[in-house]
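Keep the 3D view open and follow along.

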Amino acid sequence: MARLTRPRRALSTNPLKSSAPLGAAMAYLGIEGAVPLFHGAQGCTAFAMVHMVRHFKEAIPLQTTAMNEVSTILGGAEQIEEAIANIRKRAHPRFIGIASTALTETRGEDVPGELREVLARRRDFGDLKVVYASTPDFEGAMEDGWAAAVTAIVEALVPETDPQQRNTDSRQVNVLPSACVTPAEIEEIDRLIRAFGLTPIFLPDLSTALDGHLAEDWSGRSLGGTRLDDIPAMARSAATFAIGESMQGAARLLGARGGMPVQVFPSLTGLRAVDGFVRALMALAGTADAPPAIRRDRARLQDAMLDAHFQTGGLRYAIAADPDLAYALSSALAGMGAEAVAVVTTSGTNPIVELIPAEEAVLGDLGDLEAGARKAGAGLLIAHAHGRHAAQALGLPLLRAGFPINDRLGAQDICRVGYRGTRAFLFEVANAVLSHPHDAARPEDFGAAPIEPEFEHDRPQTAPH
Amino acid sequence: MSDALKKTVQEAFNEPGCATNRAKSAEARKKGCAKPLTPGAAAGGCAFDGAMITLQPIVDVAHLVHAPLACGGNSWDNRGSASSGSMLYKTGFTTDLTELDIVMGKGEAKLYAAIREIVETHAPPAVFVYATCVTAMIGDDIAAVCKAATEAFGTPAIPVDVPGYAGSKNLGCKLAGEMMYRHVIGTVEPERMTDCDINIIGDYNLNGELWQIKPLLDRLGIRIIGSLSADARYRQVAVMHRARVTMLVCSHALIGLARKMEDSWGIPFFEGSFYGISDTSEALRTMCRMLVERGAAEDLMDRCEALIAEEEAKARAALAPYRPRVEGRRVLLYTGGHKSWSVVSALQELGIEVVGTSVRKATETDKARVIRIMGDETHMYENMAPKDMYATLKAAKADILMSGARSQFVALKARTPWIDVNQEKHEPYAGYMGMVDLVRAIDRSVNNPVWEDVRRPAPWDGPGDAPRPATGLRPAAAPEDPAPGPVNDPKDFEDC
């Protein structure tokens, strides 16, 4: 189990992390009719927006309070008010999610207080839900910003319910996915849950917002996501499931609001992890059986595991990702006999890091991934798209995972959860290993002398087959 | 904002080389040209962004961002400037300040240590250190740290004191030029000098655009001695003061630098573009004329004309086959600066109708050129909101949108072909061969059958197309009698 180490150095080479405000913005985009708003300078927003555009290949309606030197000194409450007014005029959102940045946090503004005042004064904002999360760039990673935003949404929009008065819907279940869960994965989880006759409410829901679909009209807001009316209704659910340890806090808060049981699944990748989830669904649905489709998916996964184990058994790989994702993928691969010889992660606050099956997890960057993989003689890299530089330098295949994946299409369609997603993931790993060309063995490799030149045909050799 | 920075910004706006500025009153000139941003309606990068994109193509330099993660972490490795040598510029370096660093005031110490780590690991010719909002706000003196680091490690550490909140991206480009003028240009002497040494300022070699031009210069015996910052080495920035002529490409922002170099070292400059056929010829002509004026051999002019005649004829011949494929198509140009007009005439020559062009970031001269080419002002507009652009495209008032990536999805969601003509594009379109590439891209895009398919109504939305005749499909064969005997016995296939 991994010991978290923090390299003692001043320089970060090829950052692995994406910032916390970016994570918050992405979560906000999973709410219907939303516009996320960064409280910071224009550049903070521009960088995050371009980053997401390149990953999702979609227009990203991200806005900025456009702090300048004067508002940075005097305070930005007016900037927020003006921004909300302008966004309302231009995009008619139903929800605005605000995320702070390093700029405003270093200044130390009391944004929640100021926001309360603004909303109390501006009656014309009444039809609009405004949520604020504190997400300084200098603290945590994308995963933390995402979790903070979801917590803020629950805090602001899910009412406190008296357990005595609770009108529970015994077939409704809340699902809080962490930042590493893709739109296609939400869909797969949704399918699993519905197979047991249960109805999930996802918060947030990227599967309708950033799944990459062609809409009928141009909108300056998110294209879909959790319906705003569904958010207060989450208080009536029979249970709350969190996918990813980073969602622990948000899930506990939601559980407390609705007086319902909470269960955190650190991962849904890998046979055992999915079995655990299915068991929970069976308990909730009050059945001792699973539908035929699910049974078949499981049998197919088991067969795939046998097929892939030739490539994964003894595979030495290096992985760099946010804690939840690093845990999900590495724990699934550990079950297949692969060994994580270098692990790099981004956030020290997620306790799941300790459970990553490796000796050490470095809180570092892609420079650490490259150095670690080289030192340990890894045969495969798993990281986001920027890992391609390390892969090139080391001559290794790169399995793209996490954010950003900006040099490939279809990042939103990657599905590595559930029985089906795990199966696809194992094939990906095995195929990456298979596709990696190996030098043909020569006698010298084993210490044998090469064949005497006199036996060689003296014609120039053409390309061998 | 520190006093020093405030002074730098003031100076940057006092720009006699700028035509827009000259037209203003003394009072208006003092205010500068930075418009205040509107919260909730602002888009685009900050001053740090501008400084970074201006200098980052200097390929052998280590670019170190002194900031919390987002400034460097969310932006590194996202520009397509090509390098013919060192790849160090593609490495993202940041001090990744944490809350503790900020609270304990450890920013400067961390920066100093980070510079040392870079020098020890990569031994670059120089380290550029970028200030950002947070590090400027907590008062880190990057100039002092750079000075100390330069002395201690023997590698120049260059402060780029341009925090994001100082203003827009454009201002950042301007200030980046100023930083080079103060700290780098003139610090190294070239080994040899020729009468045909030039500077190119304001080109970034996106996807190798400079290399579409360089063969032309090579044939004329013109040497790029200094570059800011296309495919530049640090030494090429440091020796810029020894060029005979400066060409200012597509950059209103760096005109201040060009003028300062003229004042300090007597290097005349001209503004030119390598987009479009006639512009490329014009740029070459001006460059040669100015070199001759400064003492280059007289025959340069003749060789230049011969080259132009040959290359133009070659380009037109290459374009001819595309004419029937693109003729009559209507283009909406949404770009800025000189690009508002520089490709228009070339497109018109091919029978493409330009229905409108934006004149954002364009100078008065640029606008006059648009009017000359397109007849009147009716085709000119400033900004277009995405909603309006979507409506325009949806109503099919244009067949193609040519713009930057920001408008990409407006076009695609309106099911309209889109061609990237801005900084993030993946194809180079410079010079004569670039123009052919651009028209090829237009052809490839507008004539793609995908447009017909994405506009086709769904089966449940009305009749749509008549069902296709089942040509090519064989009529279903009558079921054969099941083969008798053991032919279908699976055991027979076991060894397959």
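Where in chain B is Ala123(B) found? Look at the loop between α7 (107-122) and β3 (127-130), and there you have Ala123(B). Keep in mind as you go that this is a predicted model. What makes this alanine worth a stop is its backbone: phi is near 45°, a positive value in a residue other than glycine. Most residues other than glycine have a negative phi. Ala123(B) is also exposed, with a relative accessible area of 60%.

Now hop over to chain A for another alanine with a positive phi. Ala66(A) has a phi near 50°, and it belongs to the loop between β4 (63-64) and α3 (69-74). Buried or exposed, this one? Ala66(A) is buried, at a relative accessible area of 1%.

Most of them are trans. In chain A, though, Leu203(A) and Pro204(A) are joined by a cis bond, with omega at about -10°. Pro204(A) lies in the loop that runs between β8 (199-202) and α9 (230-233). Chain B has a cis bond leading from Leu228(B) to Ser229(B), its omega near 0°. Here the setting is a strand: Ser229(B) is part of β6 (residues 223-229).

Cys46(B) is buried, with 5% relative accessible area. For Cys196(B), also in no disulfide, the nearest cysteine sulfur is that of Cys288(B), at 7.6 Å. Cys196(B) counts as buried too, at 13% relative accessibility.

Finally, zoom out to chain A as a whole. It is built with 16 helices and 15 strands. Its radius of gyration is 24 Å, which agrees with the value near 23 Å that a compact globule of 465 residues would have. Along the principal axes, the C-alpha atoms fill a box of roughly 95 × 60 × 45 Å. Inside, 59% of the residues of chain A count as buried. Among contacts between residues at least 6 apart in sequence, 74% join residues at least 24 apart.

As for the surface, chain A exposes about 19,100 Å², with carbon and sulfur atoms supplying 51% of that. The chain carries 43 positive and 56 negative charges, and their mean positions are 3 Å apart.

Key:
Residues are numbered from 1 along each chain as its sequence is written. Chains are lettered from A and ligands numbered from 1 in the order in which they are written. This is a predicted model: local features need pLDDT of at least 70, side-chain atom pairs count only at pLDDT 80 or more; totals for chains, interfaces and linings use all residues. Side-chain values use heavy atoms; hydrogens and water are left out. Helices (H or I, at least four residues) and strands (E, at least two) are DSSP runs, numbered from the N terminus. The radius of gyration is taken over C-alpha atoms; the globule rule is 2.2 Å times the number of residues to the power 0.38. Buried means under 20% relative accessible area, exposed over 50%, partly exposed in between (1.4 Å probe, protein chains only). Contact means heavy atoms within 4.5 Å. Accessible areas come from the Shrake-Rupley method with a 1.4 Å probe; for residues, only the protein chains shown count as cover. Lys and Arg count as positive and Asp and Glu as negative; His and the chain ends are not counted. The place of a charge is taken as NZ of Lys, CZ of Arg, CG of Asp or CD of Glu. A disulfide is a pair of cysteine sulfur atoms within 2.5 Å.
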